[in-house]
Each structure stands twice: as C-alpha cells, then as structure tokens.
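Subject: Structure for you to look over

Hello,

Here is the structure I promised you. Please open it alongside this note; what I found follows below.

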Amino acid sequence: MVKKLLAIVSIAATAGALSVGSAAAQDAAKGEAVFKQCMTCHRADKNMVGPALAGVVGRKAGTAAGFSYSPLNHHSGEAGLVWTQDNIITYLADPNAFLKKFLTDKGHADQAVGATKMTFKLANEQQRKDVAAYLATLK
C-alpha cells in the first residue's frame with residue numbers, strides 16, 4: 001500500500017513539474033501577438049524609430065545597417081553585447097538599466113551614461129520570453 005501511494009505521489013509530482021515547465025516555455029506565436037505593441041517603432045524588415053529586427057538574435061548590438069543608435073547602445077555592441085534570447089528577455093524589462101549594467105560589468109562604466117532610444121519597458125516576464133522567441137524566428 002505504501003509503495004503504491006509513493007508511486008502515485010511520484011507520478012503526480014512529475015506531472016506537476018512538467019506542467020510548470022510548459023507554462024513557462026517560450027511561445028513564438030504568443031510573442032508575435034505581443035510584438036504588435038512594438039510595431040509603433042519596429043518592423044522586421046526596415047528601420048523606423050527603432051532598428052529593423054530581422055536577424056536580431058545573434059547580431060551584435062548597435063549594428064543594424066542604416067540605423068543611428070544611441071551612444072549607450074553603440075558602446076554596448078563595441079563592448080561585446082550580442083543579442084541572445086536571454087539578453088533580449090532581460091533587456092526588455094528595462095533597456096537603459098540593462099545596457100548600463102552590461103557596460104559596467106564589462107569595465108566600461110565611463111560609457112554607461114545617457115540613454116538608449118528605447119523607452120518602452122515590457123514588465124511581464126512571460127511576454128518578454130514570448131517576444132524573444134518570436135524575434136528568433138525573424139531571419
């Protein structure tokens with residue numbers, strides 16, 4: 001009886017862990033819907049108020065062709081910032097704080113001044129994950 005109860009508890013715990021993992025997974029389709037908020041400034045294929053975002057995942061910060069970046073963003077790219085999904089997730093929470101911390105952590109605190117042109121903040125972590133997943137699909 002005890003073995004049977006332990007087996008049931010073990011199965012239930014595993015199922016619960018799997019469902020939590022699934023709930024926190026990134027969803028590119030949901031990210032595309034959330035990205036509509038970003039379209040005031042961004043498109044995949046052309047620069048607007050913000051840079052074109054096709055190919056952003058894997059791209060060095062501050063390097064989209066034809067876009068004039070803030071010094072803060074440009075210096076971050078020169079210091080080695082490459083846009084990974086994880087970096088995008090963190091960046092979207094507070095772009096200025098992210099870039100300033102990145103530069104400071106890389107030993108460039110003197111360049112961690114001013115502000116990025118990106119004033120939008122996406123507070124919801126799941127939405128940030130979903131947007132990052134969506135951006136990864138833009139080639």
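Lys 101 sits in helix α5, which spans residues 95-105. Helices here are DSSP runs of H or I with at least four residues, strands are runs of E with at least two, and both are numbered from the N terminus. Before going further: this is a predicted model, in which local features need pLDDT of at least 70, side-chain atom pairs count only at pLDDT 80 or more, and totals for chains, interfaces and linings use all residues. Residues are numbered from 1 along each chain as its sequence is written, and side-chain values use heavy atoms, with hydrogens and water left out.

Lys 101 is exposed, because its relative accessible area is 53% (exposed is over 50%, buried under 20%, partly exposed in between; 1.4 Å probe, protein chains only). Its side chain makes a polar contact of 2.6 Å with the side chain of Asp 105. A polar contact is a pair of N or O atoms within 3.5 Å; within protein, one must be able to donate a hydrogen and the other to accept it, and residues adjacent in sequence count only if both atoms are side-chain atoms.

Which residues of α5 are buried? They are Pro 95, Phe 98, Leu 99, Phe 102 and Leu 103. Seen down the axis of α5, these buried residues fall within an arc of 125°, so they line one face of the helix. The arc is taken from the directions from the helix axis to the C-beta atoms. Lys 101 and Asp 105 are exposed on the other side of α5. The buried residues of α5 pack against α3 and α4, where contact means heavy atoms within 4.5 Å. Just after α5, Gly 107 has a positive phi of about 85°.

**Helix packing**

The protein chain has 6 helices and 0 strands. Buried residues make up 34% of its 139 residues. Take contacts between residues at least 6 apart in sequence: 55% of them join residues at least 24 apart.

α4 and α5 pack at about 125°, with axes 5 Å apart. Axes are lines fitted to C-alpha atoms, for helices over the stretch in contact, and angles run from 0 to 180 degrees between N-to-C directions. α4 and α5 are therefore oblique to each other (under 35 degrees is roughly parallel, over 145 roughly antiparallel, 65 to 115 roughly perpendicular, the rest oblique). On the α4 side, the contact uses Asn 87, Thr 90, Tyr 91, Leu 92 and Ala 93; on the α5 side, Pro 95, Phe 98 and Leu 99. In α4, the residues Ile 88, Ile 89, Tyr 91 and Leu 92 are buried. Their cover includes α3, α5 and α6.

The axes of α2 and α6 come within 7 Å and cross at roughly 100°. α2 and α6 are therefore roughly perpendicular to each other. Among the residues in contact are Val 34 and Phe 35 of α2, and Val 131 and Tyr 134 of α6.

**Aromatic pairs**

A search of the whole structure finds 5 aromatic pairs. Rings of Phe, Tyr and Trp (its six-membered ring) pair if their centres lie within 6.5 Å; planes under 30 degrees apart are stacked, over 60 edge-to-face, the rest tilted.

Phe 35 and Tyr 134 have ring centres 5.3 Å apart and planes at 50°, so this pair is tilted. The pair links distant parts of the chain: Phe 35 is in α2 (residues 28-35), Tyr 134 is in α6 (residues 125-137), and they are 99 residues apart. Both Phe 35 and Tyr 134 are buried.

Trp 83 and Phe 98 make a stacked pair, at 6.0 Å centre to centre and 25° between the planes. Trp 83 lies in the loop between α3 (71-78) and α4 (85-93) and Phe 98 in helix α5, so the pair ties together parts 15 residues apart in sequence. Trp 83 and Phe 98 are buried. With Tyr 91, they form one aromatic cluster.

**A loop residue**

Thr 116 is in the loop between α5 and α6. Thr 116 counts as buried because its relative accessibility is 8%. Leaving out residues up to four places away in sequence, Thr 116 touches Ser 70, Leu 72, Asn 73, Tyr 91, Pro 95, Asn 96 and Leu 99.

Best wishes
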